[in-house]
Amino acid sequence: MPRYLLHRIAQAAFTLFCVLTFAFVLGRATGKPAGLLLPDNATAAEVDALNGALGFNEPLHVQFGAFLANVLAGDFGQSYRQREPALDLVIERLPATFELAFWSFLLGLVLALAAALAIQLTGSRTLRSLFIWGGSLRQSVPDFFFALLAVLVFSVALGLLPSLGRMSPASLVLPVLTIATGQFVLYVRLMDAALSDQASQDYVRTAFAKGQSRARVLVSHMLPNALLPVLTMAGLNLGSLLGGTVVVEAVFAWPGLGQVLTDAVSQRDFPIVQAGLLVVALIFVTVNLAVDLLSAKVDPRVSLA
Amino acid sequence: MSASAPRSPFRSVLPVLSVGLAAALALSSCAGGFESSSDASSSTTGGTGGRIVAALPTDPTSMDPVKTGSLVVLSVFFNTFDQLTKITADGSLEPKLATEWTPSADMTSWDFTLREGVTFTNGEPLTADDVVFSFSSILADPTSENFGYLSSLKSVAKVDDTKVRFEMKAPFSAFPRNTSLISIVPDQAYAAMGPAAFAAAPVGSGPFKFEKIQRGVSYDLVRNDSYWGEPAKLDAISLVPVASDESRVNGVLSGSLDVAQISPAQAESVKGSGGVNVQSELSNGVVFLGVNSTAGVLKEEKVRRAIGLAIDKEAIVKTVLSGLGEPATQMLAPSVEGFADGLSDGGYNPDQAKKLLAEAGYNGESIDFEYALDGRIPLSGEVAQAIQGYLSAAGVNVNLVGADQASHTLKVRNRQLKGIYLNTWAPSTLDGDLPLTDFYEQAGNNNYAQDPKTAGLAVTQRGVDGAARLDVFKELLTYSNDKAYFIPLYVPANNFAVDKSLAWTQRADGLYDFSATGLTK
């Protein structure tokens, strides 16, 4: 176990190094940013002076060395525009994104769980087709488009919910609904398949033989065993969930990580881009590790060696 | 039966899941949680009351007027700070903190007399010291976004408590207009707090004061009841950054926003819905084709002129922009000081264009046409394609190259454009000095021609005033058209979706000044 952990941590460190290098190289490939930071009538000398002050006139390998040394010391530099520590500006936005991702994840999972249980309890093939067909239909509509439709219906036409911002709990409803319903079909399929798998197992037949009700067998015997594939998939899916929030954040003007990152990219604010990508990568790596550890706990057959 | 599964794996996961849940909840509530803005009291004097929510196109970088001066942040500062002068919605220059200003005979220094009895919202009186501090802090920081507005300023000094003297590097007649963009901060408070703390709790002297700042979410302002001027009518304003065009339109239609800038393509659909007006006013900007007149076939004046004559600007405005704009005849918009009445750019004349191309011996050499896919020019892709269509109809072979706005801006800045390119200039000073310097002076980003005559005229206009200055502008703009150094395309309108209950006068530059805005019901 400790060896396994060490191995995984080394892997994670390498992944993060790659992400940082990638962010750095891509950023530098787009040119020196000072021209974007100064007013239109700034002189060439002023632009050059600012590029120099930001370190852009050094050779690339010197810049990269300095950048890595600073990152190791926990310093991502200052945002070119805000001139505040880039990492702080990124971390400031995490709660909003976590809030969106968490509630979406939870709602998607709960909806899928309810649907899968309903399918199993009733054994209805119509119900299964209905959920999977409906869910697939929803997933085939891009989140961006679905979000706009939801706004047009619930905000513009009906006037029930705010169309943007993060001013009240009501403003969570539409973005969460958008992401959760997009994830729904994935979880329904997984849970339904896993539950159907369990249904033919000996222990289930035994439980029925002992006279337990269908609902009881389903919830306390089959469900725990069916959770594993769902858990693994949900962990892997967290990356796309965080990625998906970027698009949804844009539609709803949600002040999360996506907003600050897209702003930073379009304004060439490299310190924020670098800090943001590292934070996202860190979350992704951590969640995947957690999922692996959790899988071992849930299912003793999973070996961590 | 309950004993039959004492070590259900499900149960061992539950604590882990619940810890995760609790952690996520704690995270989302600790730093971010929801706080509804406290409603401003509506019983105070002067106002007709009400709170409005206005959309900003991007999130302002900072609330520190010394280092930030981008257009979006001016929409906040015009409401919360005072500037020495003010440019009204119709473009004229008016007193604000300064009551009068006089130049020296050679226009190399300007004396500003300050209004008396003005206090900041922290009670500190506004004096010449604050003005000197605000301007000299910017002069001392070349990375300030305001530095470029003061490129002509050498130094600033206090004459007495109500008089400040600005020394120019060279004669500059339009300096008072540039001061309309510089917000005055309280010197003692700013020095004591430092830039970061000041940006978190800014203190101004404007018609509104800051109530609460939530970056990326909302900038909440309430009326400053001790304002020296006409008190504002509204109780409160929330300025909310909304980056997407679609979201801004839907925000106004659903009532989440009261006013927001929209794209010309959206104007028709908004007009059709009840409760919301579309306000369109001609902007202060010109969308133009820059021409690298030093490269390839574009060295030939006849080819450049042919490009201008081959484009039907009127049709572009009518079809692509839904009529929300007007064809440009020169490199300044009508609302900008320096605009020359009665100037012509030759109009749309494809036959003449073909004739000029033949005379120039143009043989279908490919010309790069670079433009930004998004950003400053709404519908830039459609406009670029329309231009390509007109040019190929005249026999000019162009190669469309799109890029994102930032890359395009950097290419303009580094003068790296090879053929023709789509660009725009909209001076918030509503004066021709800033754009024409950029077009025609030696160091100008858009100046490929490097013609000493245009550079000379751009300097001359700074040393003269009034009608004499307008004559210089006219000579410069006419000469530029004759040489086809630039091809002016159109003056776009700024289009806003506005709640019908809001009585708001739109500025030519599309920035927000809510000092005289009220609700009608």
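Predicted model: local features only at pLDDT ≥ 70, side-chain atom pairs only at ≥ 80, totals over all residues.
Visitor: Let's start with chain A. How many helices and strands are there?
Guide: Chain A has 13 helices and 0 strands. From the N terminus on, the elements are α-α-α-α-α-α-α-α-α-α-α-α-α.

Visitor: And what does the C-alpha trace of chain A span?
Guide: About 85 × 60 × 30 Å along its principal axes.

Visitor: What percentage of chain A counts as buried?
Guide: Of its 305 residues, 42% count as buried.

Visitor: Take contacts between residues at least 6 apart in sequence. What share joins residues at least 24 apart?
Guide: In chain A, 72% of those contacts do.

Visitor: What follows α6(A)?
Guide: A:G123 does, with a positive phi near 65 degrees.

Visitor: What about the largest nonpolar core?
Guide: That core has 224 residues. A:M191 and B:A310 have the most contacts inside it. The largest share of this core comes from α11(A), with 15 residues.

Visitor: Which residues does A:M191 touch?
Guide: Leaving out residues up to four places away in sequence, A:M191 touches A:A112, A:L113, A:A116, A:A226 and A:V230.

Visitor: Over to chain B. What is the strand order in the open sheet of 4 strands?
Guide: The order is β4-β5-β7-β6 (chain B), with antiparallel pairing. The edge strands are β4 (98–103) and β6 (153–160) of chain B, each pairing on one side only. From one strand to the next, the twist averages 20 degrees.

Visitor: Which helix packs on the sheet?
Guide: Helix α3 (residues 128–139) of chain B, touching β5, β6 and β7 (163–168) of chain B. Its direction makes about 165 degrees with that of β6(B).

Visitor: Back to the β4(B) and β5(B) pair. How many bridges?
Guide: 5 bridges, in the antiparallel sense. B:P103 has B:W110 as its bridge partner in β5(B). B:T102 stands opposite B:D111 in β5(B).

Visitor: What sits between those strands in the hairpin?
Guide: The hairpin of β4(B) and β5(B) has 5 residues between the strands. In this hairpin, B:M107 takes a positive phi near 65 degrees.

Visitor: One more residue, B:L357. Where is its place?
Guide: B:L357 is in helix α10 (residues 350–360) of chain B.

Visitor: Why does B:L357 count as buried?
Guide: Because B:L357 has 24 C-beta neighbours inside 10 Å, and the cut-off for buried is 20 or more.

Visitor: What does B:L357 touch?
Guide: Not counting residues up to four places away in sequence, B:L357 touches B:V303, B:A306, B:Y362, B:A394, B:G395 and B:V396.

Visitor: And how far is B:V303 from B:L357, in sequence and in space?
Guide: They are 54 residues apart in sequence and 5.6 Å apart in space, C-alpha to C-alpha.

Note on methods:
Residues numbered from 1 in each chain as written. Chains lettered and ligands numbered in written order. Pairing = 2+ DSSP bridges. Helix = DSSP H or I, 4+ residues; strand = E, 2+ residues; numbered from the N terminus. Axes fitted to C-alpha atoms, helices over the stretch in contact; angles between N-to-C directions. Contact = placed C-beta atoms within 7 Å. Buried ≥ 20, exposed ≤ 12 C-beta atoms within 10 Å, placed from the backbone. Core = buried A, V, L, I, M, F, W, Y, C linked by C-beta atoms within 7 Å.
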